[in-house]
Amino acid sequence: MSGLGNSGSGGRPGSLEARRAAALERLKQVGQDHLLAFWDRLDDAARESLLAQVDSLPLDVVDREARAIRAGRASADSVPPDLAPASVLRRGDIDVAHWSAAGERVIRAGRVACFTVAGGQGTRLGWDGPKGIFPSTPLSAKPLFQVFAEAIAAARARYGAMVRWYIMTSPLNDAQTREFFASHSWFGLGAGTVTLIPQGTLPSLSRDGRMLLSSPSVIAVNPDGHGGAVRALRDSGALEQMRREGIDTLSMFQVDNPLVRVVDPLFIGLHTEHPASSAEASSKVVPKRNAAEKVGVFCASGGRTMVVEYSDLPAALASSAHADGSLRFNAGSIAIHAFGVPFLERIAQGAGALPLHHAAKKVPHVSVPEGQPVEPPSPNAVKLETFIFDAVPLATKALVLETDRDEEFAPIKNAQGEDSPASSRTAQLERAARWLESRGTRVARDASGALRCEIEISPLTACDAGEIPARLIPREVSEGQTLMI
């Protein structure tokens with residue numbers, strides 16, 4: 001290959017040439033030696049950088065996945081033949097007061113921390129920056145990060161306990177996210193109690209299993225998916241910190257859902273003490289809108305609970321229904337989990353590695369050996385990623401709790417339509433109105449029931465209807481009125 005002929009292995013130990021020769025030998029063993037094709041064109045700084053990248057590659061993993069790609073199989077995306085709907089707990093079947101009290105005891109003991117997956121950019125929203133900075137609330141336009149920060153501050157005050165916050169960023173947005181939090185004084189939480197953790201990366205592979213170069217000295221990589229949270233928490237020292245401070249429960253949620261209950265006593269109580277739980281992995285679900293909704297589905301196989309991505313669930317199963325017309329596979333994942341810290345430590349130590357999934361993507365790169373930039377018009381590569389929900393079947397028992405979509409799930413994912421800023425705004429206004437109505441307020445609505453006023457309730461004021469102070473509850477919110485509590 002170009003650039004490989006002039007640099008033999010005769011360099012002194014530790015020299016660039018000797019290190020290059022050693023790297024070349026390792027790469028040849030897995031058919032990836034083209035990564036050094038442009039060596040002769042690089043200066044020493046670029047060579048050092050490229051060697052560091054090669055040294056960090058999990059070549060055994062790359063080789064395994066490259067073989068799977070060439071064989072035409074996606075290593076983690078098969079559906080077991082015995083797939084059945086998961087067993088789901090519903091609020092009507094449990095003693096809500098009992099399990100909420102159990103959760104409160106856990107929170108007051110300082111055993112709970114929050115973890116937000118926030119590696120995404122707002123590209124699909126037309127937003128230039130980390131998604132967590134996106135203005136999300138209907139009246140005050142608070143960024144998503146501020147919504148969660150206020151909810152954590154409220155939990156600390158309500159339960160008199162520290163609730164740490166861990167946030168997983170990505171190489172794309174880590175610097176911007178850090179700058180944002182610093183410029184907002186960490187929203188009063190204290191910089192020492194909010195930990196930003198960059199997630200790892202994995203190389204992008206061509207359709208014939210070759211790693212791509214984004215430039216002659218840079219290997220094309222992509223974030224390793226939200227399943228990379230386990231490794232990121234381990235490598236950052238966060239799991240060790242939790243164990244040292246007596247934190248045994250992690251409340252995990254994605255950055256795009258402003259309705260999430262970041263510290264939910266009911267969910268935490270069920271996770272830590274209910275007989276259906278092992279205190280290892282618990283999840284919230286909502287009934288799917290319809291068979292085509294693009295959410296993962298909680299299922300059961302071989303006595304274990306698991307999540308099947310919507311794109312992997314066979315159409316016949318996705319549309320299968322009970323006699324009353326309701327979907328059999330109806331437990332839609334909303335990316336809200338509780339994980340036991342000892343369970344995450346066990347996975348991080350290799351006791352149950354998360355599988356890799358393959359995603360076809362467009363990846364700009366340089367051609368080898370020509371070195372010409374390539375902007376693909378269609379998907380040309382495979383990105384490797386892990387999903388945190390693949391930890392669920394590794395749990396001894398996994399509890400699944402059905403919750404109310406209108407109360408807890410209004411994600412901001414798309415620029416328009418479902419799961420957009422507009423649909424989330426409507427859901428937030430409606431929830432605030434329902435909370436006041438449940439406390440006796442007359443709220444202006446038209447004959448069809450549509451709101452004729454606008455209401456926003458800060459998490460600092462209340463995280464559910466019962467927490468709203470009586471002194472703040474108005475008798476009426478009239479037509480055209482805008483109310484912020």
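Helices here are DSSP runs of at least four residues, numbered from the N terminus. With that numbering, helix 8 is followed by glycine 246, whose phi is positive, near 80 degrees. The model is a predicted one, and its protein chain has an average pLDDT of 93, with 96% of the residues scoring at least 70.

**Confidence**
- Over residues 1-10 the pLDDT stays under 50, and for this stretch the model has 25 contacts beyond four places in sequence.
- Where pLDDT is low, the predicted coordinates should not be read in detail.

- Helix 8 spans residues 238-245, and its buried residues are Ala238, Leu239, Gln241 and Met242.

**Helix 4 against helix 9**
- Helix 4, made of residues 96-108, packs with helix 9, made of residues 265-273, at an angle of about 85 degrees, and the axes are 6 Å apart.
- Helix 4 is therefore roughly perpendicular to helix 9, since angles of 65 to 115 degrees count as roughly perpendicular.
- On the helix 4 side, the residues making the contact include Val96, Trp99, Ala102 and Ile107, while those on the helix 9 side include Pro265, Leu266, Ile268 and Leu270.
- Sorted by class, the contact of helix 4 with helix 9 has nine nonpolar, four polar and three charged residues.

How values were computed: Residues numbered from 1 in each chain as written. Predicted model: local features only at pLDDT ≥ 70, side-chain atom pairs only at ≥ 80, totals over all residues. Heavy atoms only, no water. pLDDT = per-residue confidence, 0-100. Contact = heavy atoms within 4.5 Å. Buried < 20%, exposed > 50% of the residue type's maximum accessible area, 1.4 Å probe, protein only. Helix = DSSP H or I, 4+ residues; strand = E, 2+ residues; numbered from the N terminus. Axes fitted to C-alpha atoms, helices over the stretch in contact; angles between N-to-C directions. Parallel < 35°, antiparallel > 145°, perpendicular 65-115°, else oblique. Nonpolar A, V, L, I, M, F, W, Y, C, P; charged D, E, K, R; others polar.
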